[in-house]
Amino acid sequence: MKIICIGRNYIDHAAELQNPVPKQPLVFMKPPSALLINHKPLFYPEFTKDLHYEGEIVLKICKNGRHVQPEFARTYFNKMAFGIDFTARDVQKRCKEKGHPWEIAKAFDNSAAVSEFVDAPEDTSSILFETKLNGKRVQNGNTADMIFSCEYIVEYVSKYFKLQIGDLIFTGTPAGVGPVQIGDHLEGFIHGKKLMDCRIK
Ligand code: ZN
């Protein structure tokens with residue numbers, strides 16, 4: 001199982017971090033050891049002083065495939081979840097400045113929080129999701145605002161990596177990312193249904 005992630009897939013988020021809008025999906029991966037499930041808490045890593053949440057829609061791959069054609073892309077995932085792409089922003093900034101890979105900032109243990117899964121809608125063009133931090137809404141996402149659609153991501157990623165049953169795709173975060181502190185409480189919702197509950201310890 002692999003965890004594929006898309007960066008800068010919402011214009012307003014690219015803008016808030018002063019990043020250019022990509023012409024093709026920006027792809028990175030997290031190892032299976034990054035997975036954090038069952039509402040387990042995240043223990044604040046000692047190597048960062050600026051841990052950020054990024055609330056995202058996560059797709060679950062249900063079919064093996066390479067070079068997926070656009071008209072069949074939707075058939076490669078059947079479930080979705082609310083995910084948090086935890087990011088050590090200060091470490092990521094240092095990696096970016098040096099032109100280094102950013103795995104130590106984004107793919108560390110438990111950096112991929114994933115909620116329970118629900119059925120993905122046939123039409124993925126307007127999935128509403130939100131992130132709450134200590135009860136206050138901090139992110140208000142709609143897949144309609146994605147630069148690259150869920151289907152295009154599947155098509156694009158499968159040119160490079162064989163998709164396998166059980167793989168997860170983090171599809172990118174909208175604006176409103178920010179830091180968390182020990183003691184904070186994160187919640188994630190899709191279409192108003194609470195799916196994610198994660199405490200920072
Ligand atoms: Zn992300």
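User: Let us start with H39. Where is the place of H39?

Analyst: This is a predicted model. In it, H39 sits in the loop between β3 (35-36) and β4 (51-53).

User: Why is H39 called partly exposed?

Analyst: The relative accessible area of H39 is 45%. Buried means under 20%, and exposed means over 50%. The 45% of H39 lies in between, so H39 is partly exposed.

User: What is said about the phi of H39?

Analyst: The phi of H39 is positive, about 55 degrees, although H39 is not a glycine.

User: Where is Q18 found?

Analyst: Q18 is in the loop between α1 (11-16) and β2. Its phi is near 55 degrees, a positive value in a residue other than glycine.

User: Is Q18 buried or exposed, and how do you know?

Analyst: Q18 has a relative accessible area of 72%. The cut-off for exposed is over 50%. Q18 passes that cut-off, so the label is exposed.

User: How many helices and strands does the chain have?

Analyst: There are 4 helices and 15 strands.

User: How do you know that the radius of gyration agrees with a compact globule?

Analyst: The chain has 201 residues, and a compact globule of that length would have a radius near 17 Å. The chain has 16 Å, so the two agree. Along its principal axes, the C-alpha trace spans about 45 × 40 × 30 Å.

User: What share of the chain is buried?

Analyst: Buried residues make up 55% of the 201 residues. The accessible surface comes to about 9300 Å², and 53% of that belongs to carbon and sulfur atoms.

User: Which share of the contacts joins residues at least 24 apart?

Analyst: That share is 76%, among contacts between residues at least 6 apart in sequence.

User: How many positive and negative side chains are there, and where do their centres lie?

Analyst: The chain has 26 positive and 24 negative side chains. The centres of the two sets lie 3 Å apart.

Definitions and conventions: Residues numbered from 1 in each chain as written. Predicted model: local features only at pLDDT ≥ 70, side-chain atom pairs only at ≥ 80, totals over all residues. Heavy atoms only, no water. Helix = DSSP H or I, 4+ residues; strand = E, 2+ residues; numbered from the N terminus. Rg over C-alpha atoms; globule rule 2.2 N^0.38 Å. Buried < 20%, exposed > 50% of the residue type's maximum accessible area, 1.4 Å probe, protein only. Contact = heavy atoms within 4.5 Å. Areas by Shrake-Rupley, 256 points an atom, 1.4 Å probe, with all protein chains shown as cover. Lys, Arg positive; Asp, Glu negative; His and termini not counted. Charge placed at Lys NZ, Arg CZ, Asp CG, Glu CD.
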